Amino acid sequence: MTDTATTATLAKGIEVPAGFVAEHVAMYKEYHRAPELSSEEHRTAEAIEARLTELGVEHFRSGGTGVVGLLTNGEGPVVGFRADTDGLPIEEATGLDYASTATGTLPDGKEAPAMHGCGHDTHITAALAAAAYLTANREKWHGTVVFLFQPGEETAWGAKAMVDDGLWDRAPRPEVVLAQHVMPVEAGKFWLRAGNMASLADSWRITVRGRQAHGSQPEKSLDPIVAAASMVLRLQTIVSRELAPITPAVVTVGTFHAGLKENIIPETAEFSVNVRTPDEDVRAHVLGSIRRIVAAEAAASGIGEPAIVEINRFPRLFNDAEHTARAAAALTAGFGPDAVVESPLGMGSEDAGWLGDAIGVPVVFWAFGAFPAAAFADGQAPAGNHSPQFAPNAELAVVNGTGAALAVLLEYLGN
């Protein structure tokens with residue numbers, strides 16, 4: 001950002017009054033203080049609606065707590081721009097004076113601390129700041145922006161919920177859907193790639209049911225802990241022994257619960273598994289292998305086939321090659337020749353792709369940095385997304401997130 005007495009630069013050719021950045025930094029901090037968990041984004045949605053109304057942007061609800069803003073400026077291209085809005089069940093430990101002390105309710109009814117630990121507050125703010133710029137500078141563009149304030153990204157239901165709720169029956173069909181995400185990357189850098197930008201992901205809960213008995217009488221039991229433990233170990237062979245070494249995939253068992261007391265062999269054991277795969281073929285193979293191993297280990301233990309329940313399922317996030325090149329060129333023009341970095345395939349997952357895939361519209365998703373260069377000195381790196389210490393620099397997040405959004409939007413809509 002280049003500051004003068006009266007203006008600031010978000011990207012090359014995108015000047016704003018100096019107070020614009022301060023106003024949106026304050027807005028970002030308010031969103032950061034008050035995160036809401038997935039499917040609970042009620043106050044967040046109301047705040048977004050209030051701001052859109054203030055800007056004169058037509059809006060409607062979609063998918064419960066999703067908000068769609070329609071900003072039209074005459075005839076012209078239609079572009080979708082997604083910003084996700086939910087927080088995470090994390091107890092913030094950044095020490096920031098605007099750190100969250102909020103709590104939320106998990107699907108099982110338990111209360112949990114809440115934090116914008118993935119930076120969705122930067123996405124909300126950047127989208128609203130872009131809307132503010134576009135409403136104040138109508139002579140610079142024409143067409144329509146469909147702002148998609150999407151809930152429930154962390155649980156993979158938000159994009160589908162908006163589509164299932166008739167999003168594209170009420171909003172005009174865009175020629176491309178754009179989305180961005182803050183990452184622990186140096187400010188002024190943007191990561192993207194054509195093709196799969198993130199991994200597909202599946203989470204399952206597996207319940208192994210045996211027969212309960214006294215701990216001193218194992219012969220009377222069908223021990224679900226031993227059976228489930230064998231399953232967990234065997235699952236680790238899927239990636240290491242069934243996939244080619246160059247295939248990027250992950251199988252993680254994230255939870256394991258069984259029993260209440262050391263001298264009771266319990267009736268059930270339950271664990272959850274999270275899977276990351278690069279494409280549908282590998283997804284089908286890995287998920288099929290999990291079912292095969294779980295069933296086989298259960299049979300080996302003499303117990304019935306375990307119950308498998310899907311927790312969530314992330315669709316692909318596929319960057320269209322032509323539109324990715326167009327977005328990369330816009331970011332390069334806005335931030336310089338070294339700004340764009342070819343991204344590796346990430347093991348993270350995103351449901352933004354469904355907003356375009358559902359209607360056969362191309363998608364472009366990029367990552368933007370919001371950390372000072374000093375944070376990377378001597379090989380260091382800032383805390384990453386989902387860490388309780390994740391703390392993008394507020395001003396850099398506003399400037400780079402808004403600047404990137406506008407640079408690419410104006411590539412499509414600019415006069």
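The model you are looking at is a predicted one. Ala 114 sits in the loop between β7 (111-113) and α3 (120-136). Although it belongs to a loop, Ala 114 counts as buried, because its relative accessible area is 1%. For a sense of distance across the model, take Ala 114 and Glu 342: they are 228 residues apart in sequence, and their C-alpha atoms lie 33 Å apart in space.

Now step back to the whole chain. It holds ten helices and 20 strands. Its radius of gyration is 23 Å, close to the 22 Å that the globule rule gives for 415 residues, so the chain is as compact as a globular protein of that length. Along the principal axes, the C-alpha trace spans about 80 × 50 × 45 Å. Of the 415 residues, 51% count as buried. The chain exposes about 17300 Å², and carbon and sulfur atoms supply 53% of that area. Sequence separation is worth a look too: among contacts with a separation of 6 or more, 79% come from residues 24 or more positions apart.

Beyond its neighbours within four places in sequence, Phe 149 is in contact with a set of residues including Ile 48, Leu 52, Val 67, Ala 83, Ile 124, Leu 128 and Met 162.

Helix α10 deserves a visit of its own. Its 20 residues reach 28 Å from the first C-alpha to the last, close to the 28 Å expected at 1.5 Å a residue. The helix is mostly covered, with 17 of its 20 residues buried. At its start, a side-chain oxygen of Asn 393 reaches to within 3.1 Å of the backbone nitrogen of Glu 395.

From here, move to the strands. Val 146 has its place in strand β8 (residues 143-150), and it counts as buried because its relative accessible area is 0%. Val 146 and Leu 70 are 76 residues apart in sequence, yet 4.9 Å apart in space, C-alpha to C-alpha. Leu 70 is also one of the contacts of Val 146, along with Val 68, Gly 69, Val 78, Val 79, Gly 80, Phe 81, Trp 168, Ala 171 and Pro 172, again leaving aside neighbours within four places in sequence.

Asn 73 lies in strand β4 (residues 66-73), and with a relative accessible area of 16% it is buried, because the cut-off is under 20%. Its side chain reaches the backbone oxygen of Arg 138 at 2.8 Å. Not counting residues up to four places away in sequence, Asn 73 touches Arg 138, Trp 141, His 142 and Gly 143. Asn 319 is found in strand β18 (residues 317-319) and is buried, with a relative accessible area of 0%. The side chain of Asn 319 reaches the backbone oxygen of Arg 193 at 2.9 Å. Among the residues that Asn 319 touches, not counting those up to four places away in sequence, are Leu 192, Ala 194, Gly 195, Met 197, Thr 324, Val 363 and Phe 365.

Finish with two backbone angles. Most residues other than glycine have a negative phi. Ser 39 has a phi near 75°, a positive value in a residue other than glycine. Ser 39 is placed in the loop between α1 (18-33) and α2 (42-55), and it counts as partly exposed because its relative accessibility is 39%. Asp 378 also has a positive phi, near 55°. Asp 378 is found in the loop between β20 (363-371) and α10, and there Asp 378 is exposed, with a relative accessible area of 81%.

Technical notes. Residues numbered from 1 in each chain as written. Predicted model: local features only at pLDDT ≥ 70, side-chain atom pairs only at ≥ 80, totals over all residues. Heavy atoms only, no water. Helix = DSSP H or I, 4+ residues; strand = E, 2+ residues; numbered from the N terminus. Buried < 20%, exposed > 50% of the residue type's maximum accessible area, 1.4 Å probe, protein only. Polar contact = N/O pair within 3.5 Å; in protein donor to acceptor, adjacent residues only side chain to side chain. Contact = heavy atoms within 4.5 Å. Rg over C-alpha atoms; globule rule 2.2 N^0.38 Å. Areas by Shrake-Rupley, 256 points an atom, 1.4 Å probe, with all protein chains shown as cover. Expected span 1.5 Å × (residues − 1).
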